[in-house]
Amino acid sequence: MLPRRASLDRKSFNLVWRRGHTTTASTFLVRYLNSPPVPRARFGVAIPASVVKNSATRHLLKRRLHSIIERSPIYQLPFWLIIVVKKDISRQPFSQLEPEIISTLSSITKWNFYLKPFFLNPFIT
């Protein structure tokens, strides 16, 4: 789970939702704010009940997405972002989910400069 200081509160979540830019993938979309008021990385994950009915499955997916965010270099950058799941990804294995999310986040042009060393050598920590 993400620490509280890395999670978006309600006010920040709404700010990112209203003013943020959008990047989409087949199963989720990412709303991000590349110049937040506080230059610290903060993240939010939204999984609507209309997409995944079972609440235990929704929380499992949130934990998986938080884990992917924590283990990636995106966690160190001063951006605020929200990942919104569009389709049920509960049957998708973690090994498929992680590269899809990281590649979508790397497609954000402002981040390509920061993430390039990571994608050239994934063993850099």
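User: Which residues does Ile101 touch, not counting residues up to four places away in sequence?

Analyst: This is a predicted model, in which local features need pLDDT of at least 70, side-chain atom pairs count only at pLDDT 80 or more, and totals for chains, interfaces and linings use all residues. Residues are numbered from 1 along each chain as its sequence is written, and side-chain values use heavy atoms, with hydrogens and water left out. Taking contact as heavy atoms within 4.5 Å, and leaving aside residues up to four places away in sequence, Ile101 touches Phe28, Leu65, Ile68 and Ile83.

User: Which members of the largest nonpolar core touch the most other members?

Analyst: A nonpolar core is a set of buried Ala, Val, Leu, Ile, Met, Phe, Trp, Tyr and Cys residues joined through side-chain atoms within 4.5 Å, where buried means under 20% relative accessible area, exposed over 50% and partly exposed in between (1.4 Å probe, protein chains only). In soluble globular proteins, nonpolar side chains tend to be buried together. Among the 25 residues of the largest core here, the members that touch the most others are Leu65, Leu81, Ile83 and Ile101.

User: How many of the residues of S4 are buried?

Analyst: In a regular strand the side chains alternate between the two faces of the sheet. From S4, Trp80, Ile82 and Val84 point one way while Leu81, Ile83 and Val85 point the other way, and all are buried. S4 is therefore largely enclosed by the rest of the structure, the number of its residues that are buried being six of the six.

User: In which sense do S3 and S4 pair?

Analyst: Two strands pair if DSSP finds at least two bridges between them. S2 and S4 pair in the antiparallel sense over six bridges, with Leu29 standing opposite Val84 in S4. On the S3 side, Gly44 stands opposite Ile82 in S4, and S3 and S4 pair over five bridges in a sense that is parallel.

User: Is Thr23 buried or exposed?

Analyst: Thr23 lies in strand S1 (residues 21-24), and its contacts beyond four places in sequence are Leu29, Val30, Tyr32, Thr104, Ser107 and Ile108. Because its relative accessible area is 14%, Thr23 is buried.

How values were computed. Helix = DSSP H or I, 4+ residues; strand = E, 2+ residues; numbered from the N terminus.
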